[in-house]
Amino acid sequence: MTAPVAAAAPAATGPSWLPAAESPLPMPGQSLREGRLAPARPATSPSGIGGRRLLVVGGTAALTALATMGMLQVLRVGGLSVLDGVLLVLFVALFAWIALSAVSAAAGFVLTLVAGRGNALGIDRDGPLPVLRSRTALLMPTYHEDPARILAGLQAVYESVAATGQLEAFDFFVLSDSRREEVAAAEVEQFRALLQRTGGHGRLFYRRRGDNNGRKAGNIADWVQRYGGAYPQMLILDADSVMSGATLVRLAAAVEHNPGVGLVQTLPRVVNGQTLFARMQQFGGHVYGPVIARGVTWWHGSEGNYWGHNAMLRTRAFAAHAGLPELPGRKPFGGHVLSHDFVEAALMRRGGWAIHLVPDLDGSYEEGPPSLTDLLVRDRRWCQGNLQHGKVVGSAGLHWVSRTHMLVGIGHYFTAPMWAMLMLVGLAIPLYRADLVWDGFQLPGFSPLRYWAARDAERVAWLFAATMGVLFAPKVFGYVATLVDADARRGAGGAGRALAGVLIESLLAALMAPIVMYRQSRGVAEVLAGRDSGWEAQRRDDGSVPFSSLVRSYAGLSLFGAFMGALAWAVSPGLALWMSPVMAGMVLAIPTVWLTSARTPGRWLRRRRILCIPEELEPLPVLRRAAELRAEAARPQA
C-alpha cells in the first residue's frame with residue numbers, strides 16, 4: 001500500500017498570484033503495512049489518561065453488560081432460538097454504541113460542573129494575545145464554490161487577523177481545484193477585487209491546479225511540496241469557515257510553545273443557519289456539543305481526531321507523516337483516501353506527534369447544510385470515505401485510540417441497517433413463536449408489544465426505559481449544562497426557550513430518523529456494491545428544494561411507508577402500532593423535508609429566540625463583517 005504522494009502538478013492553470021520563490025518540503029507517501037508507533041508518550045498527554053480511558057471503556061462495558069443480562073433474561077423465557085440469538089447480538093452492539101456516547105457525555109457533564117476551562121496546552125482563552133515568532137499559512141481549498149462568497153469570508157478573516165496587530169505572521173492562500181472555466185474565471189476576477197479591497201499584495205495568494213489529482217488532500221499536498229518549507233504552521237479553512245484573528249493567534253502560539261504537538265483544533269460552532277434544519281443543527285451544536293466535546297477530550301487526550309479544517313497543523317509533522325498512499329483495488333474502496341482527515345491524524349500520532357482538541361476556545365465557525373437533502377448528499381460521500389477506512393484501520397503501528405476513531409466512523413453507518421434489522425427481528429420472533437391463527441389475511445389480536453410484555457413485562461419496561469435514557473442522555477446532559485452556565489443559557493434564549501428548542505429539535509430529529517436510516521442503509525449497500533459517490537460542490541446557504549425534486553427524492557419512501565403501514569393495519573392494529581414510529585417518518589418524509597428546508601419557520605422561531613445561539617444575539621466582529629461582505633457580494637451590481 002505504499003506509494004509516494006503524487007508528484008506536484010503544474011503550478012497553476014491560468015492567472016495566479018504566488019510567492020516569489022518556492023520553499024519545497026518533501027511529503028512522502030506513508031506505508032500502511034509497515035510502521036511503528038512512536039515509543040514515547042507525548043509530553044502534553046494528560047496525567048492519569050489510562051485511568052480515564054478505563055473509566056469510560058469500563059463504564060460502557062458495565063452498562064452494556066447490565067442491559068445484556070436483562071435482555072437475555074427476557075429472551076430465555078420459553079427457550080432461546082436462532083432469532084433470539086440474532087436479536088441479542090444486534091441489541092448488544094447497538095446498546096454499546098449508544099452507551100459509549102452516554103458515558104463520554106457524562107464525563108463532559110461532570111467536567112462542566114466541577115472543573116475550570118484549562119487545557120493541556122496552556123492556551124489562555126481570555127488573556128492578552130501571545131506574540132508569534134514564526135509564520136503561519138492559512139489555506140482555503142475550493143472546488144466549484146461561489147468565489148464571491150468564499151472570498152468575502154476570507155476577507156473577514158484577513159481583517160480580523162490584521163486587527164490583532166500580527167498580520168505579518170500570516171499568509172493566505174486560495175487553492176483552486178475548479179474544473180469549470182466559468183468558475184475559474186470568476187475566481188480570478190473576485191481575487192483581483194479582494195486584492196484591491198485589502199491591499200494584500202504579497203500576503204494573499206491564489207493558484208489553480210493543472211489537475212485535481214487526490215481531490216482536497218492532493219490539493220493540500222501539492223501546496224506543502226511547493227511552499228510548506230516557509231511556514232512552520234498551517235491551517236486549512238473550509239469554504240464556509242470563518243475564524244477570528246485572536247483564535248488563530250492563540251492556536252499558532254500553542255503549536256509554537258508545545259514542540260511535541262502536531263495538531264490542535266477547537267470545536268467549530270455552526271452559525272448563520274436560516275432554514276429550520278440549519279437552525280436545528282446549530283442549536284444542537286451549542287447545547288449538546290460542548291458537553292460531548294469536553295467528554296471526548298478528557299479521555300482522548302493527545303490521541304485526538306482531526307475534522308479536516310479549522311485546525312492548526314505543524315507543517316513539518318504533517319509533511320513527514322500525513323502523506324496518503326493510494327489504496328489498492330478499484331473504487332469505491334480503492335484509490336484516493338476520501339475521509340483523509342482521520343487517517344492524517346492517525347499517521348501523525350503514529351509518528352509521535354500529539355493531536356489535541358481544545359473545545360472551550362471560541363472563535364472558530366462553520367456553516368451546516370441548509371436542508372436534510374444537502375446533508376444526505378454530503379453524508380453519502382462520508383459514508384464511502386468512512387467505509388473505506390476498513391482498509392486502513394488495521395494499518396501497522398497505529399495507536400488504539402486512532403483505530404477507535406475509524407471504527408466509530410465505520411460503525412456510524414452500519415448502525416442504520418442494524419436498527420432496521422433489530423426492529424424486523426423483534427417482529428419476526430413473535431410471528432414465529434406466537435400461537436397464531438390466520439383469519440383470512442388477518443391475525444386478530446396479534447401485537448408484538450403485547451408479546452414482549454407478556455414474556456417479562458417489568459424487565460421489558462426497564463430495558464426500554466434504560467435504552468431511551470442512554471440514547472437521550474447526551475441531550476439531557478447538554479441541556480442541564482446549558483442551564484448552569486449563565487452565558488450559554490442566555491445565548492440559548494433562556495431556560496424555557498432552550499427547553500422548547502430541545503423538544504422541537506428532538507421531535508424533528510425523530511421524524512427524520514427513518515429517512516436518514518433508509519438513506520444510510522442504501523448508501524452502505526451502494527458502497528458495498530461498488531458504486532462511487534463522485535465529487536460535487538455543496539450548497540451553502542439556500543435550503544429551498546423544488547417540490548418536484550422532493551417528490552423525486554422521497555415519494556418512493558413515502559409510498560412504501562404508507563403501503564407498509566396499511567398492510568400492517570390490515571393484518572393487525574397491534575402490528576401497525578409496533579411499526580408506527582418508522583412508518584410515520586417515512587410517510588411524512590416530503591412535508592418534513594419541505595418544512596425543515598424552508599426559511600420562514602426558521603425565521604419565525606428566531607424572532608421568538610427559539611433554537612437560538614449566542615452568535616445570533618451578540619455575534620463576534622468577524623462574523624458581523626463576514627455577513628456584511630457576503631451580503632454585499634450577493635447584491636446585484638449596478
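Colleague: What makes strand 7 and strand 10 a pair, and which way do they run?

Modeller: Two bridges join them, and the strands run parallel. Two strands pair if DSSP finds at least two bridges between them, so strand 7 and strand 10 qualify. In strand 10, Tyr 365 is the bridge partner of Arg 269. Strands here are DSSP runs of E with at least two residues, and helices are runs of H or I with at least four, both numbered from the N terminus. This is a predicted model, in which local features need pLDDT of at least 70 and side-chain atom pairs count only at pLDDT 80 or more, while totals for chains, interfaces and linings use all residues. Residues are numbered from 1 along each chain as its sequence is written, and side-chain values use heavy atoms, with hydrogens and water left out.

Colleague: Why is Ala 322 called buried?

Modeller: Its relative accessible area is 1%. Buried means under 20%, exposed over 50% and partly exposed in between (1.4 Å probe, protein chains only), so Ala 322 counts as buried. Ala 322 sits in the loop between helix 9 (315–321) and helix 10 (340–350). Leaving out residues up to four places away in sequence, Ala 322 touches Met 27, Gln 30, Ala 317, Glu 344 and Met 348, where contact means heavy atoms within 4.5 Å.

Colleague: What makes a set of residues a nonpolar core, and how many residues has the largest?

Modeller: A nonpolar core is a set of buried Ala, Val, Leu, Ile, Met, Phe, Trp, Tyr and Cys residues joined through side-chain atoms within 4.5 Å. The largest has 62 residues, and Trp 452, Ile 515 and Tyr 554 have the most contacts inside it. Helix 2 (residues 82–114) supplies the largest share of this core, nine residues. Apart from it lies another core of 49 residues, including Leu 248 and Val 261.

Colleague: How many residues of the lining of the second largest pocket are charged, and how many are polar or nonpolar?

Modeller: Eleven are charged, seven polar and ten nonpolar. Asp, Glu, Lys and Arg count as charged, Ala, Val, Leu, Ile, Met, Phe, Trp, Tyr, Cys and Pro as nonpolar, and the others, Gly among them, as polar. Helix 14 gives the most to this lining, with four residues.
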